[in-house]
Amino acid sequence: LPIFQRLFGVSMALDGDGELPASARQRCADETQAALTDLRAALQRPLGRAPRATKTTLAAEVMRLAVAHPHLGLSLVEGTAADVPPPLEPLAQSVLIEAVRNAGKHAQPSHVDVRLGRADGAFWMDIINDGVTSARRRPGMGLRLAALEALQLNGVIEFGEREPGIWQVRLVVSDEDDG
């Protein structure tokens, strides 16, 4: 049984009125132990989806997206393809695609700027758009899933309104092992 089903069953048994028979107490203990075992196994697996291999570069992906979404004014304004460590290409492209998708869906930007570089043993990338509207929406799953990918690679993703009207997605990943 999945972890949550096991724990829900235990909580229902313990929530009842009266004394539990010895066999029911033993079953609760067994289910709790099985849930702990499942949880330990789950924590040893990767947190999120693994970034898919890519046959392109981040710079080429910026150009492709700029052509596909000309109304967004997408451009690489700082950095070059050489700034992206090859092992981080899939993650960087995934974050870029999601940030551009969100800008097109939830904002009305006059431009989307991509900045990237390396500093202090880390690769960083910012995707900034100036089209934030006052309408508040519930955060979706795309950048949250990308954040799990980043965690697996010793990185973080931050996203939100940087200043009034400006939305920023920032990816920072340690690249000390990559040279």
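Predicted model: local features only at pLDDT ≥ 70, side-chain atom pairs only at ≥ 80, totals over all residues.
Setting aside residues up to four places away in sequence, Val95 touches Met125, Ile127, Ala146, Ile157, Val169 and Leu171. Val95 is one of the buried residues of helix H4, and together with Met125, Ile127 and Leu171 it touches the most other members of the largest nonpolar core, a set of 28 residues. Six elements each supply at least two residues of this core: helices H3 (58–68), H4 (89–106) and H5 (142–152), along with strands E2 (112–119), E3 (122–129) and E5 (166–174). The top contributor is H4, with seven residues. As a general point, nonpolar side chains tend to be buried together in soluble globular proteins.

Stepping back for a moment, the protein has five helices and five strands. They come along the sequence in the order α-α-α-β-α-β-β-α-β-β. Of the 179 residues in the protein, 33% are buried. The accessible surface comes to about 11100 Å², and carbon and sulfur atoms account for 56% of that. When contacts between residues at least 6 apart in sequence are considered, 67% of them join residues at least 24 apart.

Back to H4. The 18 residues of this helix should span 26 Å at 1.5 Å a residue, and the end C-alpha atoms sit 25 Å apart, which agrees. The buried residues of H4 are Glu89, Pro90, Leu91, Ala92, Gln93, Val95, Leu96, Glu98, Ala99, Val100 and Ala103. In an α-helix there are 3.6 residues a turn, so residues three or four places apart point the same way.

Eight of the eight residues in E3 are buried. From this strand, Ala122, Trp124, Asp126 and Ile128 point one way, while Phe123, Met125, Ile127 and Asn129 point the other way. Met125 and Ile127, which point the same way from E3, are both among the residues that touch the most other core members.

E2 and E3 pair in the antiparallel sense, over eight bridges, with Leu116 standing opposite Met125. The two strands form a hairpin with two residues between them, and Asp120 in that turn has a positive phi of about 50°. E5 also runs antiparallel to E3, again joined by eight bridges.

The side chains of Asp126 and Arg170 meet in a salt bridge at 2.6 Å, N to O. Asp126 belongs to E3 and Arg170 to E5, so this pair ties together parts that are 44 residues apart in sequence. Asp126 is buried, at a relative accessible area of 5%, whereas Arg170 counts as partly exposed at 31%.

The whole structure holds seven salt bridges. Another of them joins the side chains of Glu78 and Arg115, at 3.7 Å, N to O. Glu78 lies in strand E1 (residues 74–78) and Arg115 in E2, so the link ties together parts that are 37 residues apart in sequence. Both ends are partly exposed, with relative accessible areas of 36% for Glu78 and 26% for Arg115. Arg25 and Glu19 also meet through their side chains in a salt bridge, at 3.6 Å, N to O. Arg25 is partly exposed, with a relative accessible area of 42%, and Glu19 is exposed at 70%.

Finally, there is Trp167, which has its place in E5. This residue is partly exposed, with a relative accessible area of 29%. Neighbours within four places in sequence aside, Trp167 is in contact with Ile127, Ile128, Asn129, Val132, Phe159, Gly160 and Glu161. One of these, Val132, is 35 residues away along the chain, yet its C-alpha atom and that of Trp167 are separated by 6.2 Å.

Technical notes:
Residues numbered from 1 in each chain as written. Heavy atoms only, no water. Core = buried A, V, L, I, M, F, W, Y, C linked by side-chain atoms within 4.5 Å. Buried < 20%, exposed > 50% of the residue type's maximum accessible area, 1.4 Å probe, protein only. Helix = DSSP H or I, 4+ residues; strand = E, 2+ residues; numbered from the N terminus. Contact = heavy atoms within 4.5 Å. Pairing = 2+ DSSP bridges. Salt bridge = Lys/Arg side-chain N within 4 Å of Asp/Glu carboxyl O. Expected span 1.5 Å × (residues − 1). Areas by Shrake-Rupley, 256 points an atom, 1.4 Å probe, with all protein chains shown as cover.
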